[in-house]
Amino acid sequence: MDRDDMDKSLCIIWSSPDPEVADNLVLMYAHNALKKLWWDRVRLIIWGPSARLAAEDERIRARLSEMMADGVEVWACRACADNYGVAPILETAGFNVLYVGEPFTEMLQSGWTQLTF
């Protein structure tokens, strides 16, 4: 099957707690990837230490909300959010907080492209 015939879905795993990585790589690429139609679908998964950064940094939460308004799907790992004590903050921000291991595995097995930062 030609790549052009496949669904062009991208999943970005964001685990880095570094705000510079968030600002100058993860959030920039994820947002542009959908806005500029590089991908048909973009899902950003907040997984690991990035959960605490997303919860504690209002500016980053605002950028994530803007991305969601433009169609980027934002998920957060519930286990990680619970471990860091930030699940209520991420839920209030409107992120889909769920256990991501099984759905992520299904995404990989169904042909999504995956990036990890």
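Start by selecting Arg-43: at 6% relative accessibility, Arg-43 counts as buried, because the cut-off for buried is under 20% relative accessible area. Keep in mind, as you look around, that this is a predicted model.

Which side chain does Arg-43 meet in a salt bridge? Select Glu-73 and you have the partner, with 2.7 Å from N to O. Now colour the two strands: Arg-43 belongs to strand β2 (residues 41–46) and Glu-73 to strand β3 (residues 73–77), so this pair links distant parts of the chain, 30 residues apart. Glu-73 itself is partly exposed, at 22% relative accessibility.

Side chains of opposite charge can pair when their charged atoms come close. For another example, select Arg-63 and Asp-23, whose side chains form a salt bridge at 2.9 Å, N to O. Arg-63 sits in helix α3 (residues 58–69) and Asp-23 in helix α1 (residues 19–35), so the pair ties together parts that are 40 residues apart in sequence. Is Asp-23 buried or exposed? Asp-23 counts as buried, at 15% relative accessibility, while Arg-63 is partly exposed at 26%.

Move on to helix α4 (residues 78–84), where you will find both Arg-78 and Asp-82, four residues apart, about one turn of the helix. They form a salt bridge, with the closest N and O atoms 3.8 Å apart. Asp-82 is partly exposed, having a relative accessible area of 40%.

Finally, select Asp-23, Asp-57, Arg-59 and Arg-63 together: salt bridges with shared partners join them into one network. How many salt bridges does the structure hold? There are seven.

How values were computed. Residues are numbered from 1 along each chain as its sequence is written. This is a predicted model: local features need pLDDT of at least 70, side-chain atom pairs count only at pLDDT 80 or more; totals for chains, interfaces and linings use all residues. Side-chain values use heavy atoms; hydrogens and water are left out. A salt bridge is a side-chain nitrogen of Lys or Arg within 4 Å of a carboxyl oxygen of Asp or Glu. Buried means under 20% relative accessible area, exposed over 50%, partly exposed in between (1.4 Å probe, protein chains only).
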